[in-house]
Amino acid sequence: MKYIVQLKCDLKNYTYLIKKILQNNISVIDSKVKNNEYFFNIYEDEYERLLQLDYKKVIIFVNYKGLYNIYNFITANILYVVITLTIIFILFLSNIFIFKVNIHTNDINLEKKIMYYLMDNNISDFSVKKSFSKLKNIKKKLLNKYQNEIEWLEIKSDGYIYNVYLIKRTNEKPKKKNGLCNYIAKKSGTITKIFASKGELLVQENNYVNAGDVLISGKIIYNDEVKNEVCAKGKIYGEVWYEVDLSYPLIKSNYVINNKKQYNISINFFNKKYKLFKNKYKEEKSVKKIGNNKFGINVINSYKTRRKINKISEKEAIVKAIKKAKKSIMLKTRNKSNILSQNILKKYVKNDTIYMKVLITSEEELGVVESY
């Protein structure tokens, strides 16, 4: 096989060189002019003839062409070529073969079970790598086979190594800690203030919550895992709505004492009363008492009353009715609420009485601590 050599010369020597090449019947395979230099290709044996004709000062060797050039490059850079081929070979092997299988667990018996199962499925030291789908299928079957012993398992390919990570299933029920609690909503409302000092806050201001919702959880969760458990502590206030049905009379009557009175004496004898005179008037009250109900004397005063009727306006009745409703709410919350507003939704008058449906909003503590 003939090798081709690329040569070059200056353009000032070009005419002279071409003349000599033709005189010696040397075949030029290819030629071109670039950057005021003449490049031409000839066979290697004819290059030897040119050298014998003493054209070294005119002709400059450039390179070998074809496979011989590659051979020369490899020969000159043999160390780098060997290192590169070695790396490529190792990368090729690491993508095709598995040299080591590591099982990460402290349970020796479980490690042996997993190792034998993997060997039955052709996963062992110095074995061929499995495809992703086959590896996934083996993992699924392994978890099904040892579902009572393994909680979690992962087979990870790290180059030429399979690392098998697993978590052993524990059948023991976790012991319940004492003093654990949540802060839950005891009534529905819109949150206005939050003071949380312990636990995980699950709500924000202006959130609407329903009775029974957990507002501050005793479970501290990070990355979907319970990291700690405490007794939730804090106070959350909210706006609570009360829809109250009220009624209030527009006419009030009471009895007043007039100037007509009568004094009398009542003798108590074995729990029976004997009056000296007959009362002229129905109402009476004791003025002086000597002794007791079994044996004693009472000075009583009987008197006459008359009925007095007082009429009030609708406006006054509404004010008094709402005041009564607010007082009732304050009693229910043990004076720990703050009335924010009231709205009359509906009202009508019947039989000298005003009837109303009132919406009262109150700011009060929404939550209560509940153990779990």
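Author: Two strands count as paired if DSSP finds at least two bridges between them, and strands here are DSSP runs of E with at least two residues, while helices are H or I runs of at least four, all numbered from the N terminus. This is a predicted model, where local features need pLDDT of at least 70, side-chain atom pairs need pLDDT 80 or more, and totals for chains, interfaces and linings use all residues. Residues are numbered from 1 along each chain as its sequence is written, and side-chain values use heavy atoms, without hydrogens and water.

Reader: OK, what makes β8 and β9 a pair?

Author: DSSP finds 8 bridges between β8 and β9 (161–168), and at least two are needed, so they pair. They run antiparallel. One of the bridges puts L153 across from L166 in β9.

Reader: Which sheet do they belong to?

Author: An open one of 3 strands, in the order β6-β9-β8, with mixed pairing. On average, neighbouring strands are turned by 15° against each other, direction ignored.

Reader: And which helix packs on that sheet?

Author: That's α6 (132–145), touching β8 and β9 (contact means heavy atoms within 4.5 Å). The direction of α6 makes about 160° with that of β8.

Reader: Why is α5 called oblique to α6?

Author: α5 (108–120) and α6 pack at about 140°, axes 11 Å apart. Under 35 degrees would be roughly parallel, over 145 roughly antiparallel and 65 to 115 roughly perpendicular; the rest is oblique. The angle of about 140° falls in that rest, so α5 is oblique to α6. Residues making the contact include Y117 of α5 and L142 of α6.

Reader: How do you know whether S337 is buried or exposed?

Author: Its relative accessible area is 10%. Buried means under 20%, exposed over 50%, partly exposed in between (1.4 Å probe, protein chains only), so S337 is buried. S337 lies in the loop between α7 (314–332) and β22 (338–350). Beyond four places away in sequence, S337 touches I329, M330, S362, E363 and E364.

Notes:
Axes fitted to C-alpha atoms, helices over the stretch in contact; angles between N-to-C directions.
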